[in-house]
Amino acid sequence: MEVPDVKEKWTAKINEVTIGAARESGGTRGRTITVGGHSTLPLMTFEGEIPHKPVIAGFVSDTAPPWPDVIKAGIGKETESPAEWAKKNVQEHGVDLISLKMIGADPHTKNASPADCAKVVEQVLKAVDVPLIIWGCGDDKKDNLVLPECSQAAKGENCLIGSAKQTNYMTIVAICKADKHKIISEAPVDINIGKQVNILLQDAGYDLKDVVMYQTTAALGYGFDYVYTILERCRVAGLKGDKLMAAPQLCDVAGETYRVKEALADEDTLPGWGKLDRRGPMWEAACAGGYIQAGADIVILAHPTAISSVRTLINNL
Amino acid sequence: MILIGERINAGFKDIKRAVQEKDGNVIKEWAKKQKAAGAAYLDVCIGTASNKPADLCWMVEMVQEAVDSPISLDDNKVAMLREAIKVCKKPPLINSTTAVKEKMDQLMPLAAEYGASIVGVVMDEEGSPYTADKRVENAGKIVEKAMEAGLGPDQIFLDPIVMPLNCMQEQATEILKAVSQFKLFSDPPCHITCGLTNVSNGAKHMGLINRVFIAMCAANGMDSAICNVMDTELVDTFLTAELIMNKSIYADSFVEAFHKG
């Protein structure tokens, strides 16, 4: 008896998005990164094409993140200097691009000025030649001041700017169109809002082929399955021909992992859970591995052990 | 939702005149309007206005000069279809074959050769079926023949034959029953379409009947219709029915997004 052909036949492709601009395209990047372009779900290479493997963005912040010393020690003293941290990420850990987050701009922390943030962007651009993802601090009001200056400082570099939400998308569209950057569209683990933000971006005259979707990210054990499902549903919708959902997807794994007790507390408070210096990066890597399986195209990672572990996983895809 | 714009049909006086006087502008205008309204395919039907393949080819060419939409070649004469398919720039939808063996033997290989899709109207040598069971039986023959010729489920559009409500009221439930079974032929299922406007033919409240019927068809698995795409309320009803069937993802501006898309 003939074995029936059970392959899925998808009618559409996920958009290909290139981040970074080389000299000939008006930037200064030594290399660019392209994500997306799939005509099937992750791992299903027998059903369609997966022209680009997922990429790793090295986490960098303008000021050292509020993570446990033991985790920061694993990364190195460079967490105190964004430029040095970015350089180490690229040169020693081989990340594909840098994700630069302005956590110091948050009015509740250091309240760094937009000009200071722009300087950090310039320093990181100078220190490394990989493409950049630039985030604000997450406070819409402040980000409306910070992101325009950061965008201007990276004009023409074709960065990925994060993030456009229902509340601030007009500003993000304006700066990304003016300075030639790509956009991260963000929704709070909500596929319907995700689609709505993309509609708004399109209405504002932004080409959805230049968008990467970000359904926020949940750390392993804290709603991981919700985000996993949404990543998968977004990908399926895109492959079925929903042009509003055909964007590649991003997960901020490091940013979320080092907010949960399993990746923050050492053995003294979690007896029997093992040493944090191993457990933290394991939590990070396991979370990233799951999201890659669900359809993440860019994962943001911080700890060298997690980066190397996820790199091995990606190489084996 | 695959909308097939019905308006470029020589059954309409302006199109008939356009064909007779070779006035391409009327056809081009309808092509542009229907595409803008969301038609995925544009049905081109010469009907009784001419029996010359060259005239049908001319209609197709006029549409293609105006828009890049694929064509639904609406003719029941194989000779006409053979000529017209050659001038289609994109793989067309052959509209249509029946479950009559002789016809399927000619049209299925033609569709396969050109990578075209095909509408399979579920009538046979005995004419239009009266029951759901007979509709399903004929649909089965069409699907089998299409697959033998190498067509995939996404290239097959089954048409249950819609009957006017005002004179064959009992047919509507048979049609809905048949539609719900058509989708069981394969996984993924074939497309299911219909000549929607026929349901309200001669009725007073045409728009209302069309809208309600398409929603009920969609609830049973229909995903396409040959219809008046200029009827925004009809299109929005179908769009919403597909959302309710969880075939597309909800967003607050789903209606606006479709019409701008």
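**Salt bridges, a helix pair and a chain contact**

Good morning. In this model, B:Lys101, B:Asp105, B:Lys145 and B:Glu148 are joined in a network of salt bridges. Please keep in mind throughout that the model is a predicted one.

Within it, B:Asp105 pairs with B:Lys101, and their closest N and O atoms are 2.8 Å apart. Where do B:Asp105 and B:Lys101 sit relative to one another? They are four residues apart in helix H5 of chain B, residues 101-114, so about one helical turn separates them. B:Asp105 itself is partly exposed, with a relative accessible area of 32%.

Why do such pairs form at all? Side chains of opposite charge can pair when their charged atoms come close. Over all chains, the structure holds 28 salt bridges.

A second example from chain B is the pair B:Lys77 and B:Asp75, whose side chains meet in a salt bridge at 3.7 Å, N to O. B:Asp75 has 6% relative accessibility and counts as buried, because buried means under 20%.

I now turn to chain A. Here the side chains of A:Lys165 and A:Asp140 form a salt bridge, 2.9 Å from N to O. Which parts of chain A does this pair tie together? A:Lys165 is in the loop between strand E6, residues 160-164, and H5, while A:Asp140 is in helix H4; the pair therefore links parts that are 25 residues apart in sequence. A:Lys165 is buried, at 17% relative accessibility, whereas A:Asp140 is partly exposed, with a relative accessible area of 23%.

Helix H4 of chain A also has a helical partner. The axes of H4, residues 140-153, and H5 of chain A, residues 169-179, come within 9 Å of each other and cross at roughly 10 degrees. H4(A) is therefore roughly parallel to H5(A), since angles under 35 degrees count as roughly parallel. Which residues make the contact? From H4(A) come A:Asn144, A:Leu147, A:Pro148, A:Ser151 and A:Gln152, and they meet A:Thr171, A:Ile172, A:Ile175 and A:Asp179 of H5(A). Sorted by class, this contact has four nonpolar, four polar and one charged residues.

Another residue of chain A deserves a look: A:Asn89, which is placed in helix H2, residues 82-91. With 1% relative accessibility, A:Asn89 counts as buried. What surrounds A:Asn89, once its neighbours within four places in sequence are left aside? A:Asn89 is in contact with A:Gly58, A:Phe59, A:Val60, A:Gly94, A:Val95, A:Ile98 and A:Ile307.

Finally, we come to the place where the two chains meet. The contact takes nine residues from chain B and eleven residues from chain A. The area buried between chain B and chain A is about 960 Å², and carbon and sulfur atoms give 58% of that area. Which residues of chain B lose the most area to chain A? They are B:Ile249, B:Ala251 and B:Ala257, which together account for 48% of what that side buries.

How many salt bridges does the rule find across this interface? There is one between chain B and chain A. A:Asp203 forms a salt bridge with B:Lys260, with the closest N and O atoms 3.4 Å apart.

Thank you for your attention.

Methods: Residues are numbered from 1 along each chain as its sequence is written. Chains are lettered from A and ligands numbered from 1 in the order in which they are written. This is a predicted model: local features need pLDDT of at least 70, side-chain atom pairs count only at pLDDT 80 or more; totals for chains, interfaces and linings use all residues. Side-chain values use heavy atoms; hydrogens and water are left out. Axes are lines fitted to C-alpha atoms, for helices over the stretch in contact, and angles run from 0 to 180 degrees between N-to-C directions. Helices (H or I, at least four residues) and strands (E, at least two) are DSSP runs, numbered from the N terminus. Angles under 35 degrees count as roughly parallel, over 145 as roughly antiparallel, 65 to 115 as roughly perpendicular and the rest as oblique. Contact means heavy atoms within 4.5 Å. Ala, Val, Leu, Ile, Met, Phe, Trp, Tyr, Cys and Pro count as nonpolar, Asp, Glu, Lys and Arg as charged, and the others, Gly among them, as polar. A salt bridge is a side-chain nitrogen of Lys or Arg within 4 Å of a carboxyl oxygen of Asp or Glu. Buried means under 20% relative accessible area, exposed over 50%, partly exposed in between (1.4 Å probe, protein chains only). Buried area is the accessible area (1.4 Å probe) that two parts lose on being put together, summed over both.
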